[in-house]
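Here is a protein model to read feature by feature.

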Amino acid sequence: MPPGGAVRILGAGGAAAAAALELARTHDVRVSARRREAAEVVAARIGCGVAEWGSPCDGEAAVNATPIGMRGEMLPEWALTGTGLLDMVYAGGDSPATSVIAARRLPVATGLDMLVGQAVPAFERWFGVAAPVEVMLAAAKDSSAH
């Protein structure tokens, strides 16, 4: 996500709070959760805004930090109206939502992309060499297909 854009975090758990905390450094972040009170708690801790669950993500990149998609279910259509998607779901590879966003030729990152992105700095610190990112991503995708 290029710095400065608007981002909607879907969810109010630990993953959502971590994403909101990091992205709020360079983006206009709003948190949206089924329970508005939970979104308000995260937003207050981070110092960002709140958006109603169910309101379209127009003009915002979405970050799915909910379990929606873990069992193959689709995010609601309103969540797919934005400028791109980071879907933190990594069980079973691509989620239905990432497939839809990719078909629209919008920026998309999967939970496996995120998982490998977290592994890269650890690999580099541990081994003292550049991480083989493509190999790691291929291995993660192969592993998740089983």
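Predicted model: local features only at pLDDT ≥ 70, side-chain atom pairs only at ≥ 80, totals over all residues.

Q: Where do I start with the nonpolar residues, and which have the most contacts inside the largest core?

A: In soluble globular proteins, nonpolar side chains tend to gather in buried positions. Here the largest nonpolar core has 20 residues, and Ile-9, Val-29, Val-31 and Val-63 have the most contacts inside it.

Q: Which elements give two or more residues to this core?

A: They are β1 (6-10), α1 (14-23), β2 (28-32) and α2 (36-46). The most comes from α1, which gives five residues. There is also a second, separate core of eleven residues, with Cys-57, Ala-62, Ile-68 and Ala-97 among them.

Q: How do I read the sides of a helix such as α2, and which of its residues are buried?

A: An α-helix has 3.6 residues a turn, so residues three or four places apart point the same way. In α2, the buried residues are Ala-38, Ala-39, Val-42, Ala-43 and Ile-46. Viewed down the axis of α2, the buried residues fall within an arc of 130 degrees, so they line one face of the helix.

Q: What do the buried residues of α2 pack against, and what does the face turned away from the buried side carry?

A: The buried residues of α2 pack against α1, β2 and β3. The face turned away carries the exposed residues Glu-37, Ala-44 and Arg-45. Just after α2 comes Gly-47, with a positive phi of about 85 degrees.

Q: How do I read a strand such as β5, and which way do its residues point?

A: Look at the two sides of the strand in turn. In β5 (residues 84-87), Gly-84 and Leu-86 point one way, Leu-85 and Asp-87 point the other way, and all are buried.

Q: How many bridges join β5 to β4, and how many join β5 to β6?

A: Strand β4 (residues 60-64) is joined to β5 by four bridges, and the two run parallel. Asn-64 has Asp-87 of β5 as its bridge partner. On β6 (residues 108-109), two bridges make the link to β5, again with parallel strands. Ala-109 in β6 stands opposite Leu-86.

Q: Where is Gly-72 found, and how far is Gly-72 from Ser-95 in space?

A: Gly-72 lies in the loop between β4 and β5. With a relative accessibility of 45%, Gly-72 counts as partly exposed. Gly-72 and Ser-95 are 23 residues apart in sequence, and their C-alpha atoms are 6.3 Å apart in space.

Q: How is an aromatic pair described, and how many does the structure hold?

A: The distance of the centres and the angle of the planes describe a pair of aromatic rings. This structure holds two aromatic pairs. One is edge-to-face: Trp-53 and Trp-78, at 4.9 Å centre to centre with 80 degrees between the planes. This pair links distant parts of the chain, 25 residues apart, with Trp-53 in the loop between β3 (49-50) and β4, and Trp-78 in the loop between β4 and β5. Trp-53 is partly exposed at 24% relative accessible area, while Trp-78 counts as buried at 15%.

Q: What is the geometry of the pair formed by Phe-123 and Phe-127?

A: Phe-123 and Phe-127 form a tilted pair, 4.7 Å centre to centre and 50 degrees between the planes. Because they are four residues apart in helix α4 (residues 111-127), about one helical turn separates them. Phe-123 is partly exposed, with a relative accessible area of 24%, and Phe-127 counts as exposed at 53% relative accessibility.

Terms used: Residues numbered from 1 in each chain as written. Heavy atoms only, no water. Core = buried A, V, L, I, M, F, W, Y, C linked by side-chain atoms within 4.5 Å. Buried < 20%, exposed > 50% of the residue type's maximum accessible area, 1.4 Å probe, protein only. Pairing = 2+ DSSP bridges. Phe/Tyr/Trp six-rings, centres within 6.5 Å; stacked < 30°, edge-to-face > 60°. Arc of directions from axis to C-beta. Contact = heavy atoms within 4.5 Å.
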